[in-house]
Amino acid sequence: MTTRSVPFFDYPRVYLDDREDILRIIDDVGHRGAFIMQQDLVEFEAALESYTGASHAVGVANATDGLELSWMAIGLGPGDEVICCSHTMLATASAIKTAGGVPVPVELGEDNLIDPDAVEDAIGPSTVGIMPTQVNGRTCKMDKIMSIAEKHKLCVVEDAAQALGSKYKGKHAGTFGDAAAISFFPAKVLGCLGDGGGVITNNSGLFDRIYQLHDHGRNVDGEVRSWGRNSRLDNLQAAILNYRLGEYDQVIERRRAIASMYQQLLGDMEELQLPPAPDADSDHFDVYQNYELQAKSRDRLKQHLAENGIGTLIQWGGKGVHQWESLGFSVRLPKVERFFERCIMLPMNMFISDQDIQFVTEKVKEFYRK
Ligand SMILES: Cc1ncc(COP(=O)(O)O)c(C=O)c1O
């Protein structure tokens, strides 16, 4: 087999693969001087609503802000606890903190997403909400989480930063809870050329408050109704996202095809624990933001792949949220900690070819044959 280089993610190609169309969009937006809160943004918000089925969407500066604004709009107060996953980006927990609350990270379940039983066990007198993360583009078993929330009268904000287009039992990630945030960071399944995010909600009161918070307290008619700040999605980024949303289903299809290839080529290896294949069960429709598996001798496997020109990633600094002692966490969550000792992401993006996948899987197998 010939030697090749398979980067984990090739950032210049986010621009270069669509360069002509992007330059045309920049030229069009530039000529119109349409930089802030313009028609492209309005169209993108409408497209996001119709794509997800949510009643309302608002573009924000990034998903972290979207999560924070959602909790602020809900009215999180000092000492209010929100239960979140520990297998997530720190942004999930920091959004709770900066909105004024206390993040309470809990264990993951067998699906490596937040464990609904652990959520229920963590509920106490100060708990006001739950924030599940739809990690790697797979939606949690949201029926269980929503019934716990209803039973205990808790709010739910979904961290759907990685999950636009992912579904559980036919329903889109982000449409189960009170609100959800989606990220358009360049490496996301739907990415723009910088920071970007969106909030979706079916609650019109919450939408009004989030909308005001993200634009200096102004409502959709531009009237000041409350204190707010600036966390707007640039109109230029919205124009690029509009263009990319048009091809989004094909993007998801390709990512699912890559996941199927990995499954086919690595599925019989006992040293690996792969994520569920696209056709593993009919309840989940996963968009494979990442292809994260657990591997025996993970660090040596990573090194072997690097020596062969293959980029991999151990996500989030190799730690669960609760393992950042510098942030004051002292809880132990053995399942999360074990997961972070074994997890590794293989290349999963629109820039890799079938031959790249063959090469990557061959090198993985080679490592365990040695
Ligand atoms: C699970 C999760 N939550 C939140 C975020 C934050 O998104 P953003 O970078 O748009 O603020 C990310 C982004 O990587 C993420 O993966």
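Predicted model: local features only at pLDDT ≥ 70, side-chain atom pairs only at ≥ 80, totals over all residues.
**Exercise 1.** Determine which residues of helix α11 (residues 298-307) are buried, and how they are placed around the axis.

*Solution.* 
Step 1. Buried is taken as under 20% relative accessible area. In α11, Arg-298, Leu-301, His-304 and Leu-305 are buried.
Step 2. These residues span an arc of only 120 degrees around the axis, so they lie on the same side of α11.
Step 3. Exposed is taken as over 50%. Asp-299, Arg-300, Ala-306 and Glu-307 are exposed, on the other side of α11.
Step 4. The cover over the buried residues of α11 includes β12 (291-295), α12 (334-342), β13 (343-346) and α13 (354-369).
Step 5. Just after the helix, Gly-309 has a positive phi of about 80 degrees.

**Exercise 2.** Give the strand order of the open sheet of 7 strands, and identify the strands at its edges.

*Solution.* 
Step 1. The order is β1-β9-β8-β5-β4-β2-β3, with mixed pairing.
Step 2. β1 (56-60) and β3 (102-106) each have a single partner strand, so one side of each has no neighbour in the sheet, and these two stand at the edges.
Step 3. With direction ignored, neighbouring strands of the sheet are turned by 25 degrees against each other on average.

Key
Residues numbered from 1 in each chain as written. Heavy atoms only, no water. Buried < 20%, exposed > 50% of the residue type's maximum accessible area, 1.4 Å probe, protein only. Helix = DSSP H or I, 4+ residues; strand = E, 2+ residues; numbered from the N terminus. Arc of directions from axis to C-beta. Contact = heavy atoms within 4.5 Å. Pairing = 2+ DSSP bridges. Axes fitted to C-alpha atoms, helices over the stretch in contact; angles between N-to-C directions.
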